[in-house]
Amino acid sequence: MTLSTAQEVVMSDDVITEYATGRLSPAKHIIVACQSEIAESVAQRVAFQEEIAASMIEDVGSQSLSPLFMGKVLAALPAQEEKPSVEQEDPAGGLAPKSLRYMLGHGLKELKWKSLVPGVAVHDILGDRKTKDGDRLYLLRAKGGMRMPDHSHTGEEWTLILTGSYRIGEKRFSRGDLHIEDETEMHAPHIDEGEDCICLVMTQGPLKMQGWLPKVVQKVVGI
Amino acid sequence: MALGMEPVIIDAMTDDGVKPYNTGRTASPKSLSAAKRDALWLAAIAQKQDARALSDLFEIYGPKLKGWLMARGVGNGTAEDIVQDVMIKVWTKAASFDPAKASFATWVYRMTRNRWIDHKRKHGRMDVRDPDLMKIIADDEVPSAETNFMAQQNSDILREHIARLTPSQQMAIRMAFMEYKTHKEISAETGLPLGTVKTRIRSAIQALKANMAKHVSQMK
């Protein structure tokens, strides 16, 4: 591939530190958890910072457990699980990271998509896409070859690519890449031909569309 | 303390034969690394359904994890509920623990953090003005970064390397990893520009990484 992948550039140590110390919002946390499952280089950076964070719990200051705690837990221990012989695979070919399957209760194949415009469908996971408060998390599926309308966002947009790929200018984003944009950037992702592009997306506010037609569409479909 | 109340201490620890939980709490950190001790307890839980090993592990880690949660504004009851969930998970998933991949400390920390994020997702935001938290903050004496790191008896290599960083790098690591502060809050508190805060934390992590890499290559 001649185009550079964006992952190294975009995923800063700051974000990993916030993830490791549990400071990201639930929506962002799930995205980074998913990325570290499918991008080995990110997994290693995350693991390193998690080790630092874990070694720090010594310094935070202990809080004693209540006297009955231990007895209560030990009295009600469930049966142990056997060691899984192979990692349980997502029925749809291992495409949905475990953290995502945990949220959905199933894999990508069983998803119920809601069509937005021809070629684009969503599946909401957390929050309300139409309101302005809080991070919301959803899956977005766009048909291969599509050009998404020019847009920017209110707040940040984090996109983790799960299947397929897209291009913005010279940069190509594919499975395992996390693409973070703030509200200053206007972009029009061009989905590569072929496979559908499925992304796990976190946005903080409504998209700001460029041009009157997308604005009307946005009003009608609500994204 | 009355004689005879002391737990049995076995100084020499081998991988074979000795019941791991007899050595735990009072063993010198120099004679037995915490990571190795934890791995033996985990093996006892997985292979012998040893509930005593589980309780020994949580005598050590339970209060630390509860402290970590409460420092983040989690109330006493919820913090114990989360530690309880994690303890049960350690029991049921013990067979999946792989000491080659991560230390138990990291494994259990990760579980606790994720369980907490999950709790936030389900119950909305925590109130940081939680009365329990205010009490901890009021009671908390914060030693200087240097003495705090140097005073630790844990022989963990990572911690040694943290202690070898410059005071300002240590402070950066401490603020980023220990105290529940955002970069913006650190910037407001220290009077440093936001960009400088981020750069300092990043460069401290890089320095730590470089030192660790050197350490690993020297061991080969």
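Student: Quick one: are B:R113 and A:E50 buried or exposed?

Tutor: Both are buried, meaning under 20% relative accessible area, while exposed is over 50% and partly exposed in between (1.4 Å probe, protein chains only). Keep in mind that this is a predicted model, where local features need pLDDT of at least 70, side-chain atom pairs count only at pLDDT 80 or more, and totals for chains, interfaces and linings use all residues. Residues are numbered from 1 along each chain as its sequence is written, chains are lettered from A and ligands numbered from 1 in the order in which they are written, and side-chain values use heavy atoms, with hydrogens and water left out.

Student: OK, what do the side chains of B:R113 and A:E50 form?

Tutor: A salt bridge, 2.8 Å from N to O. That term means a side-chain nitrogen of Lys or Arg within 4 Å of a carboxyl oxygen of Asp or Glu.

Student: And why does that pair join two chains?

Tutor: B:R113 lies in helix α4 of chain B and A:E50 in helix α4 (residues 40–60) of chain A, so the pair joins two chains. Helices here are DSSP runs (H or I, at least four residues), numbered from the N terminus.

Student: Which residues are in a network with A:E50?

Tutor: B:R110 and B:R113 are linked with A:E50 in a network of salt bridges. For B:R110 and A:E50, the closest N and O atoms are 2.6 Å apart.

Student: New topic: how many residues are in contact between chain B and chain A?

Tutor: 67 residues of chain B are in contact with 47 of chain A, where contact means heavy atoms within 4.5 Å.
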